[in-house]
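User: I'd like to go through this model and see what sits behind each label. Can you set the values against the cut-offs for me?

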Amino acid sequence: MTGPRRGAGRAGPAGRGASRSGARPVAGVPPRAAVGKRAAAKRTRAPAPGGRLTGRATALALVLGALLLAYAYPMRIYLNQQAQIAALESSQQQQRERIREKQTQVAKWHDDDYIIAMAHRRLQMVLPGGRA
């Protein structure tokens with residue numbers, strides 16, 4: 001690095017390696033002269049990681065919850081319609097089977113031999129000259 005170093009051109013006694021006695025005090029920390037004897041610094045506890053949700057995580061959870069609720073009703077309608085479609089298709093298939101059965105019955109009744117056999121079985125009728 002060929003550029004000027006940080007703090008190299010500063011005026012005053014606080015050059016490189018000098019003590020910071022002339023610097024401003026940090027907020028909340030008394031200057032060393034006022035303390036007298038060296039007092040042990042109070043330590044504070046850091047917050048436990050993962051214990052609480054951050055603001056961003058909470059906002060993200062709320063947005064995802066709102067999206068979930070927004071999509072829940074249309075999804076319910078869609079699933080109900082799919083169930084109705086399946087029920088109607090099943091009903092249609094059953095009706096097609098009934099139509100096929102009726103068509104075969106109609107075809108049988110157009111046959112003269114079938115009509116004679118049904119008349120003999122159901123009504124005990126016989127053709128003239130036939131046996132009972």
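User: Why is tryptophan 109 called partly exposed?

Analyst: Its relative accessible area is 38%. Buried means under 20%, exposed means over 50%, and partly exposed is in between (1.4 Å probe, protein chains only). So tryptophan 109 counts as partly exposed. Bear in mind that this is a predicted model, where local features need pLDDT of at least 70, side-chain atom pairs count only at pLDDT 80 or more, and totals for chains, interfaces and linings use all residues. Residues are numbered from 1 along each chain as its sequence is written, and side-chain values use heavy atoms, with hydrogens and water left out.

User: What makes tryptophan 109 and tyrosine 114 an edge-to-face pair?

Analyst: A search of the whole structure turns up 1 aromatic pair. The ring centres of tryptophan 109 and tyrosine 114 are 5.1 Å apart and their planes sit at 85 degrees, so the pair is edge-to-face. For the cut-offs: rings of Phe, Tyr and Trp (its six-membered ring) pair if their centres lie within 6.5 Å, and planes under 30 degrees apart are stacked, over 60 edge-to-face, the rest tilted. Tyrosine 114 is partly exposed too, at 23% relative accessible area.

User: How do you know that the length of H2 agrees with its residue count?

Analyst: The expected span is 1.5 Å times one less than the number of residues. For the 55 residues of H2 that gives 81 Å, and the end C-alpha atoms are 81 Å apart, so the two agree. Helices here are DSSP runs (H or I, at least four residues; strands are E, at least two), numbered from the N terminus.

User: Where does H2 bend?

Analyst: At alanine 72, by about 30 degrees, with proline 74 following within four residues. That bend is the angle between axes fitted to the seven residues ending there and the seven starting there.

User: What makes tyrosine 71 exposed?

Analyst: Tyrosine 71 lies in H2 (residues 55–109), and its relative accessibility is 59%, so it counts as exposed.

User: How many helices and strands does the chain have?

Analyst: It comes to 3 helices and 0 strands, in the pattern α-α-α along the sequence. Buried residues make up 1% of the 132 residues.
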